[in-house]
Amino acid sequence: MADRTDGARTATVIGGGLAGMLAVTALLGHVDAITVVERDRYPAGHAFRKGVPQARHLHLFLSGGQRALDALLPGTVAALTAAGARNLYLPRDLITRTPTGWQRRFDERRHPSLSVSRPVLDAVVRERALRAAAASPTRVEVLEATEVVGLTGDARRVTGIRVRSRDGGAEGELPAALVVDASGRGSRAPQWYAALGRTAPYEETVDTGIAYASCLYRQRDPAAAPDAGVNIPAWPECPRGAAFLPVEDGKWLLTLSGVRGDHPPTDVAELAGFSATVGDPYVHELLSRAEPVSAVHGFRDTCNRRRRFERPGAVPEGFLALGDAHCTFNPVYGQGMSVAALGALAVRTTLVDGGGLRPGFTAEAQRAAARAVDPAWLAAVGADRPYASADDAGAGLGERLSTWYVDRLAARAAIDPVVGAAFRDVVCLTAPPSRLIAPRIALRTVLLPRRPGLARPPAVVEPV
Ligand SMILES: Cc1cc2nc3c(=O)[nH]c(=O)nc-3n(C[C@H](O)[C@H](O)[C@H](O)COP(=O)(O)OP(=O)(O)OC[C@H]3O[C@@H](n4cnc5c(N)ncnc54)[C@H](O)[C@@H]3O)c2cc1C
């Protein structure tokens, strides 16, 4: 691989997954050339690939993320739907069992959530991002089967990346004015920083120890398939969960989950048995009418982990981290892809508002990406504290108060259309968390009596 000698107004993107492709989109028109370096070779069609192992599991794209995705790449949500993605309105098309009972099924239609397998999602986004690139003045090249093995530069400034072809061959260097790390949850940025003589950015973790096991199903009688997806998350008294959702091609994806000591099995014969032990037997009943059509895949690295790249002086000039390389979430909240889209959009806004690539850009853009992470991070770590391991950073008074309040609010949201709408606005990342303490919501949450949800899965959709 030939070394490039001129990195002026060029960018390299480490990882050609979702965040990488959205980063490309954000940079179009603001740099002369972008090189995306992807360790995998992209498969033909909609197939799984090694570099995105979490792709085997349930992935919902929340409405807040969909808005960001369409702002970056207009028409992508429609393209995904055309490719078979199901856009499920919450709570009408995805019924949820909460610790206090089943959520009422309001016909609210504020929050469509895309349910689609990751290979389809990634392929559609990649195809549209590369098409947008072809129509822009920025030259975009994707180096497949090429691994980034380090950064070049010094403690003050990153000047490029070191790469190695996976098909053999010598290591090479790609100089760049901007290096975007979009290499996902396995990012080696802390080690790469160390090699440049810098300390790794401060890292916070809150780990519930939750593990997933997932399997695709086909309904034996498609005409009798349920008219809604089902979500039965774990809660402290019942640390096992199950979700069963329609995806493309008439298939349904089962994802079982369990916190430490309650991990789900990865043997197909044991899935139904585990599903009988979650907080409600409904998914177990549904599985008796469906048959597995794939192997079972497990996943254990589900920690909430945030690297504080945005802190003053944390990042050398010329380096930016986005997507899971920046922050990962417990997947039960379905936030990671949306935050990747919101982060890329924040980068584009920083470029547009500030007049393009300039000295100080990376620090500014990283702060903007961090602000895009904040709401999802607060929601995830607030909810996960009751399960967190002793090694994690301790909760302050503010966080403990917010856990108490959110618990009460979530119970109210299951039965109350006003509180429920505000709750969904926040969890779907379309409104800031402050919406949850608006006077009308706070009064209903604190003063109205705590009542149980529905005793049975709701068959009837209620008008609002
Ligand atoms: C079990 C599970 C379920 C989830 N469910 C949801 C959900 O319902 N909704 C949601 O929004 N999010 C969900 N997420 C989170 C979501 O998967 C991630 O947030 C999302 O994939 C982040 O995109 P990314 O591009 O940052 O990382 P990835 O999608 O992981 O892509 C990283 C890319 O970088 C490449 N790469 C890695 N290292 C190198 C290297 N050194 N050189 C070159 N290339 C490299 C990889 O091959 C890959 O292509 C879930 C996560 C898990 C673990």
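Me: What share of the 464 residues in the chain is buried?

Reply: A residue counts as buried when its relative accessible area is under 20%. In this predicted model, buried residues make up 55% of the 464 residues.

Me: And the surface? How much of the accessible surface belongs to carbon and sulfur atoms?

Reply: The accessible surface of the chain comes to about 19,000 Å². Carbon and sulfur atoms account for 54% of that.

Me: What do the contacts say about residues apart in sequence?

Reply: Take contacts between residues at least 6 apart in sequence. Of these, 73% join residues at least 24 apart.

Me: How do I read a sheet? In what order do β13, β20 and β22 stand?

Reply: Follow which strand pairs with which. The order is β13-β20-β22, an open sheet with antiparallel pairing. β13 (203-206) and β22 (327-328) are the edge strands, each pairing on one side only. β13 and β20 (residues 304-307) pair over four bridges. For a landmark, find T205: it stands opposite R305 in β20.

Me: Last, charge. How far apart are the centres of the positive and negative sets?

Reply: The two centres lie 4 Å apart. The chain has 55 positive side chains and 48 negative ones.

Key:
Residues numbered from 1 in each chain as written. Predicted model: local features only at pLDDT ≥ 70, side-chain atom pairs only at ≥ 80, totals over all residues. Heavy atoms only, no water. Buried < 20%, exposed > 50% of the residue type's maximum accessible area, 1.4 Å probe, protein only. Contact = heavy atoms within 4.5 Å. Areas by Shrake-Rupley, 256 points an atom, 1.4 Å probe, with all protein chains shown as cover. Lys, Arg positive; Asp, Glu negative; His and termini not counted. Charge placed at Lys NZ, Arg CZ, Asp CG, Glu CD. Pairing = 2+ DSSP bridges. Helix = DSSP H or I, 4+ residues; strand = E, 2+ residues; numbered from the N terminus.
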